[in-house]
Amino acid sequence: MVDLLPPWPLPPAAILLLGAPLLVVLQGTPRKIVHLALPALALIQVIALYGGEHAAVTFEWMGYTVGLLEVDRTRLFFGTIFAAVALINSMYALHRENPVEKAASWLYAGSSLGVTFAGDLLAFILFWELMGVGSVLLVVAGSTARNRSAAIRYAAWHVLGGTVLLAGVLAWMIGGNDLSITAFSQDAGWPAWLILFGVALNAAVVPLHTWLPDAYADALPEGAAFLAAYTTKVAVFALIIFFAGWQILIWAGTIMAIYGVSYAIVENRIRRILSYHIISQVGFMVAAIGVGTPLALDGAAAHAYFNILYKGLLFMAAGAIVMAAGTDRLTELGGLVRRMPWLLALYAVGAASIAGVPLFNGFVSKGMVVGGASAEGFYWAEIGLLFASIGTFLSIGLKVIWFGFYGKPREYPDLEPLPWNVWAAMVMAAVPCIVYGVWPGLLYLQAPFEATFSAYSLHNVIKPIELLTMTGLGFMLLVKVAAPKPGFALDIDWFVRWPLAYAGLMVSRGFVRMQEAVGAGASRLVVMGHVLIQNPIVAAERMLGRGMTNRKTGASKLEPELESIDSYRLPLGPTIAVVLVVFGIAAVVQLVVTSTAS
Amino acid sequence: MSASRARKVFVVAALVVVAVTAVLTLVFPYGSDPGAKVVWYKRVPAFAAMLGFFGCVIMVPAVKTLAKKVLQRPDDYYSAMERRLAELTGPAPGTSLADPSAPSEAESPAGEEPGEPGKAAGGASAVHQTRVAKGGGHG
């Protein structure tokens, strides 16, 4: 098959990035054809690149060589899923006629592919920043006031992360290193830590995570499907190629996994629940990257690959609920199953996958991650990740299905039928969730680090079955406690959005006041100087007479004629005397100067 | 099938499943898997079941209580906060209703003249005032 498709040296990113303007120009059926054809071409190009040798694509820029196409197993693995999900999400957004939103989604997906196949740090950071631009446009495409303010916060976070990342890359370069993409050793020094900060922010590592639920939960359903796929998973890819085996990541990942599910348990809105579960699931990947063995790294990569599929499916299903019912608040939903049974079926596939139910893809990758941690003796991480799995099943599997699809039935007068392409996209995501779960061998063929793992060994199957069954039992006992409540739970961005915002506003006002005081002082100085030149006597009187106002009436105690510069002049005699004195002094000075000079 | 009966069936089914897996763990102890390291809790029958049950029973009330006591807020919390921020910080200095399109305030008719310092700008939003402050900084 591969022979039929010669691996042209064409970066897959180019197809989407150069094709994005077409989405703005075209309309109607031609646009729809392009909208599906180009992501399909990008996917075909990635698959063609599996075919072995090809020329590297580079260009010269300000004396540097920028590598746009570098291929290895890790890149191809991530590239495949990034291109595939571009196709799935474009299908999901096919019915939308907002050109900016669609172009932004391809800018975002294309630059993610650019990061994946980047040949050096320069191309990496170039596409990394471009990805930020695309995602901000996608957030703002929601076009409500809430979207706009979320987009500003999102942009602020990513500008911070991108700048620190750039600083790290520059420092790394100045330190005498070349710009090739290689793994950093743990004693690589502070440039590597700066780069880690920038990447960790995009991976939503707690406490740098708050932009994620903030922006994703309110984005357009079509935009959220794209957002859920790329930013965090591209960061996971970057962590794998740069920071595999950094043990601090095991801690960071385990904390993320538990933190995310804890918030998901209390949240009311389905898309906020899903957003917090991105943090939790990326925590699994980050922890596995910290372990750093081939099994764990394969687990991280596979979990990212599968997460894009099932999380995309869940976000698409949640978006479908928003499209149909107008809300994703569990307290305002209930009994959806009677109106949308097929949506429940598709959602359940995603929920079973994320929970790690055997025969679904999440079971395989989660087994690899947890098994990878356990095999290296990180037992606390294993227990922590299992603990997080409980929360995953609780909120995504049980809470949303119980209270959203079942529970108290409600009337949905405005329930709209979903467009066909929405269903098609969800099916496109759901099928591989099951296929990879049933035949994990397909994964091992592709997996970048070629680890061996038997997902369906007795104990690997027993563990999730026991865990999930008893979690279900616990949920049944606590169903009243677990019921969603209106509102949301504060996250640590409160510190930024309240005390820091207050302080920032006060500081900026302080500066404005200072500016104003300086301005007022300067203008008073000018006025006084003017008076002094025009009439020194009045100026002196005014200066001496300052504050001599009657406190009761506020009337000036100055002589009335002093109020005007022109009304009070010296008589002629003293004026001539002053002039003579001044000339006399000038003459004396002149004499002294000339005599000392000669 | 009534709800309570369904519940009973589920409880029995769950316990049967866990009993079977526990027996399997005893018959085929962990470590017979190739390449697996043996640690004590992996040999405990139904360990994951206990973790799942007690994890759920502990985590849900703990997190829910924490949320109820400390973290839970109404949906419009942050938009209300932005309004409060505007009130707390007061009007931006040196600004007034410089924006001619803004509705005039009753208590400051003179404020409609652009560039009149120190006039109260009433209840205009913080965003609006900061924008005005930038434009109206005439020193």
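Predicted model: local features only at pLDDT ≥ 70, side-chain atom pairs only at ≥ 80, totals over all residues.
**View 1. Chain A as a whole.** Chain A holds 24 helices and 3 strands. Of its 598 residues, 57% are buried. Among contacts in chain A with a separation of 6 or more, 81% link residues 24 or more positions apart.

**View 2. A salt bridge between Asp218(A) and Arg146(A).** The two side chains meet with N and O 3.0 Å apart. Asp218(A) sits in the loop between helix H8 (211–216) and helix H9 (221–229) of chain A, and Arg146(A) in helix H6 (residues 145–174), so the pair ties together parts 72 residues apart in sequence. Asp218(A) is buried, at 19% relative accessible area. Arg146(A) is partly exposed, at 41%. Side chains of opposite charge can pair when their charged atoms come close. Over all chains, the structure has 15 salt bridges.

**View 3. A buried pair, Asp328(A) and Arg271(A).** These residues form a salt bridge, with their closest N and O atoms 3.7 Å apart. Asp328(A) belongs to the loop between helix H13 (294–325) and helix H14 (336–339) of chain A, while Arg271(A) belongs to helix H12 (residues 270–291), so the pair ties together parts 57 residues apart in sequence. Both Asp328(A) and Arg271(A) are buried.

**View 4. A salt bridge from chain B to chain A.** Asp75(B) and Arg329(A) meet through their side chains, N to O, at 2.8 Å. Asp75(B) lies in the loop between strand E1 (72–73) and helix H4 (77–89) of chain B, and Arg329(A) in the loop between H13 and H14 of chain A, so this pair joins two chains. Asp75(B) is partly exposed, with 24% relative accessibility. Elsewhere, salt bridges that share partners join Arg146(A), Asp218(A), Arg269(A), Arg271(A) and Asp328(A) into one network.

**View 5. The interface of chain A and chain B.** Here 60 residues of chain A contact 57 residues of chain B. The buried area is about 5,500 Å², and carbon and sulfur atoms give 70% of that area. On the chain A side, His459(A), Phe488(A) and Arg509(A) lose the most area to chain B, together 13% of what that side buries. The interface has 1 salt bridge. It also has 11 residue pairs in polar contact. Several elements of chain A each supply at least two residues to the touching side, including H6, helix H11 (248–266), helix H16 (361–375) and helix H22 (494–534). H20(A) gives the largest share, 16 residues. By class, the chain A side has 35 nonpolar, 12 polar and 13 charged residues.

View 6. E3(A) and E1(B) pair in the antiparallel sense over 2 bridges. Ala489(A) stands opposite Gln72(B), a residue of E1(B).

**View 7. The surroundings of Gln446(A).** Gln446(A) is part of helix H19 (residues 441–446) of chain A. Gln446(A) is buried, with a relative accessible area of 17%. Its side chain makes a polar contact with the side chain of Tyr436(A), at 2.9 Å. Leaving aside neighbours within four places in sequence, Gln446(A) is in contact with Tyr50(A), Arg73(A), Phe77(A), Thr80(A), Tyr305(A) and Tyr436(A).

**View 8. Backbone features between H7 and H8 of chain A.** Most residues other than glycine have a negative phi, and most peptide bonds are trans. The peptide bond from Val206(A) to Pro207(A) is cis, with omega near 10°. Pro207(A) is in the loop between helix H7 (190–202) and H8. Ala204(A) lies in the loop between H7 and H8 as well. Ala204(A) has a positive phi of about 60°, although it is not a glycine. Ala204(A) is buried, with a relative accessible area of 0%.

**View 9. A positive phi in chain B.** Ala46(B) has a phi near 60°, a positive value in a residue other than glycine. Ala46(B) sits in the loop between helix H2 (40–43) and helix H3 (47–71) of chain B. At 14% relative accessibility, Ala46(B) is buried.

Technical notes: Residues numbered from 1 in each chain as written. Chains lettered and ligands numbered in written order. Heavy atoms only, no water. Salt bridge = Lys/Arg side-chain N within 4 Å of Asp/Glu carboxyl O. Helix = DSSP H or I, 4+ residues; strand = E, 2+ residues; numbered from the N terminus. Buried < 20%, exposed > 50% of the residue type's maximum accessible area, 1.4 Å probe, protein only. Contact = heavy atoms within 4.5 Å. Buried area = accessible area lost by both parts, 1.4 Å probe. Polar contact = N/O pair within 3.5 Å; in protein donor to acceptor, adjacent residues only side chain to side chain. Nonpolar A, V, L, I, M, F, W, Y, C, P; charged D, E, K, R; others polar. Pairing = 2+ DSSP bridges.
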